[in-house]
Amino acid sequence: MNKTIRHTSVFVLLLVLALLGRATWVQAYRAEALADDQKNRRNTIAQYAQPLGNIVVAGSPVTGSKRTEGTDLEYRRAYTDGELYAAVTGYSSQAYGSTQLEGIYADVLDGTDDRLKNPLDAVTRKQREPGTVLTTIDPAVQEAAYRALGNKKGAAVAVDPVSGRILALASTPSYDPSKISGTNDGAAWRELTGDPDKPLVNRALRQPLPPGSTFKLVVAAAALEDGLYRSVDTATESPSPYTLPHTRTVLRNENASAPCENATIRTALRYSCNNVFGKMAADLGQDKVRAMAERFGFNDAELDVPVRAYASVYPSTMDPAQTALSGIGQFDVTATPLQMAMVSAAIANDGLLAAPHMVSEVVDSDGDALTSYEDGDTRRIVSSATAAQLRSAMVTVVEEGTGTNAAVAGAEVGGKTGTAQHGENNSKTPYAWFTSYAKDPATGKQVAVAVMIEDSGAARSEVSGNGLAAPVAQKMMAAALK
């Protein structure tokens, strides 16, 4: 064999060995990574090759699947009452991915979760049957929240205080996930993402805003637990108006004629006295107020329900004047409606906070549990005595104070209104808040809610927690107690 042929043969052999090595490396070490690559079209084809599993509310699916035409993706996601439940389900889109429960449980819903494997599937190559996600949502409470919010920009959450089950989770304006579930929905997608009202944002979980005077419940809890004041009926040391520490800035009350000077906590909650809670926060100091806020759930960056909620924030490194402002839910304090519902839930549940969750169980096609979420996973937030005093004061707010629009016939209802400043020097329309609880003494049913109205279109002078948010809470509580 001449030299040229020999060199060529060796070169060809090396190429063959390189190809074999590459193939072996791809199959042995890169197969899983390539299979999981989001750009792998085969994954998407497999995902939509059969009807998806469902998300279920009160025994009925609020999702479905629809056959497609003119595409290699055989099925697309469909939704029943899509706008009503969008804040719960999120969306599953062939083009834009998936969010919320659709995203968290995508592997279960499309049948690729390893826990769904059947030993015979490997032999028969049968595609695995998808699983089902069972939610804790009460359709009556969900509809009450969504209908009451109407065309307002806002959100509402209802929680069972004892179990922690989320009964309603509504965000408006909403959207119909069916309109973006396919591959040719670009126009609808651009409309949603370009909408200045941001309908894709889940305001109930993922848009913390200043909670205003609803935060006064947290400050009151801190004062009672610390012993700064013995009870909600003990007179406080609260000049009216109150000058913020080390400043000439006067913190005034919305109602100038309200009896806020040296008012008790009960009276201060009833009339929402800024001077009382501003000074109370300054007297306690930011560390004590922050400690109480964090007990309720503030500053928790890993609150999963199981959709992860954005952290509600109680700030640090404040000066005394800023600490006083934090006492009325201003400065850099922010909260989600879920967070403020958790505050009322803990107070309603004798000082115990049950972990909030909106999924009860994830099951396979035979109904066997893959994942279960326990009810009543509680931790102590405040003492039973403190919770009882706060409930009593919250009842006064609804029966005689700023929260009268939340009353439910035949039920014990306690609440707190809030109106939070918005914009530089409060130049924009304020946010309206209401958080409350209700108990039916006849049936034992109870519920805690929070409502946030970001924008109702009402004139600035007409914005109040009692006027805008409390009526929404009232309808939710009435539905939950039926």
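Colleague: Which elements are included in what covers the buried residues of helix 12?

Modeller: Burial is read from relative accessible area (buried is under 20%, exposed over 50%, partly exposed in between, with a 1.4 Å probe and protein chains only), and contact means heavy atoms within 4.5 Å. For helix 12, the cover includes helix 10 (216-226), strand 10 (242-243), strand 11, helix 11, helix 13 (286-296) and helix 14 (320-326). Please bear in mind that this is a predicted model, in which local features need pLDDT of at least 70 and side-chain atom pairs pLDDT 80 or more, while totals for chains, interfaces and linings use all residues. Residues are numbered from 1 along each chain as its sequence is written, and side-chain values use heavy atoms, with hydrogens and water left out.

Colleague: How many of the residues of helix 12 are buried, and what follows the helix?

Modeller: Nine of the eleven residues in helix 12 (residues 274-284) are buried, so the helix is largely enclosed by the rest of the structure. The buried ones are Asn274, Asn275, Val276, Phe277, Gly278, Lys279, Met280, Ala281 and Leu284. After helix 12 comes Gly285, which has a positive phi, near 90 degrees.

Colleague: How many helices and strands does the chain have, and what part of its residues is buried?

Modeller: Helices (H or I, at least four residues) and strands (E, at least two) are DSSP runs numbered from the N terminus, and the chain has 17 helices and 20 strands. Of its 482 residues, 51% are buried, and its C-alpha atoms fill a box of roughly 110 × 55 × 40 Å along the principal axes.

Colleague: Which residues lie closest to the centre of the largest pocket, and which strand gives the most to its lining?

Modeller: On a 1 Å grid over the protein atoms alone, a pocket is an open set of points with protein on both sides within 12 Å along at least five of seven lines, a cavity is a set where a 1.4 Å probe fits but cannot get out, and lining residues have an atom within 4 Å of a point. The largest pocket holds about 930 Å³ of space. It is lined by 36 residues, and Ser213, Asn253, Glu254, Asn274 and Thr419 are the closest to its centre. Strand 11 (250-251), helix 11 (265-271), strand 18 (412-422) and helix 17 (465-481) each supply at least two lining residues, and strand 18 gives the most, with five.

Colleague: What is the volume of the largest cavity, and which residues line it?

Modeller: The structure has four cavities of 30 Å³ or more, and the largest has a volume of about 70 Å³. Its lining consists of Ala86, Ala87, Gln100, Ser171, Pro173, Ser174, Tyr175, Pro199, Leu200, Val201 and Asn202.

Colleague: Are Tyr85 and Thr334 buried or exposed?

Modeller: Tyr85, found in helix 3 (residues 82-89), counts as buried because its relative accessibility is 6%. Beyond residues up to four places away in sequence, Tyr85 touches Val57, Val62, Thr80, Ile137, Pro139 and Gln142. From Tyr85 to Ile453 there are 368 residues in sequence and 19 Å in space, C-alpha to C-alpha. Thr334 sits in the loop between helix 14 and helix 15 (337-348), and it also counts as buried, because its relative accessibility is 19%. With neighbours within four places in sequence left aside, Thr334 is in contact with Pro208, Leu209, Pro210, Pro211, Phe298, Ser312 and Val313.

Note on methods: Grid points are joined across faces, edges and corners, and a volume is the space filled by probe spheres set on the points.
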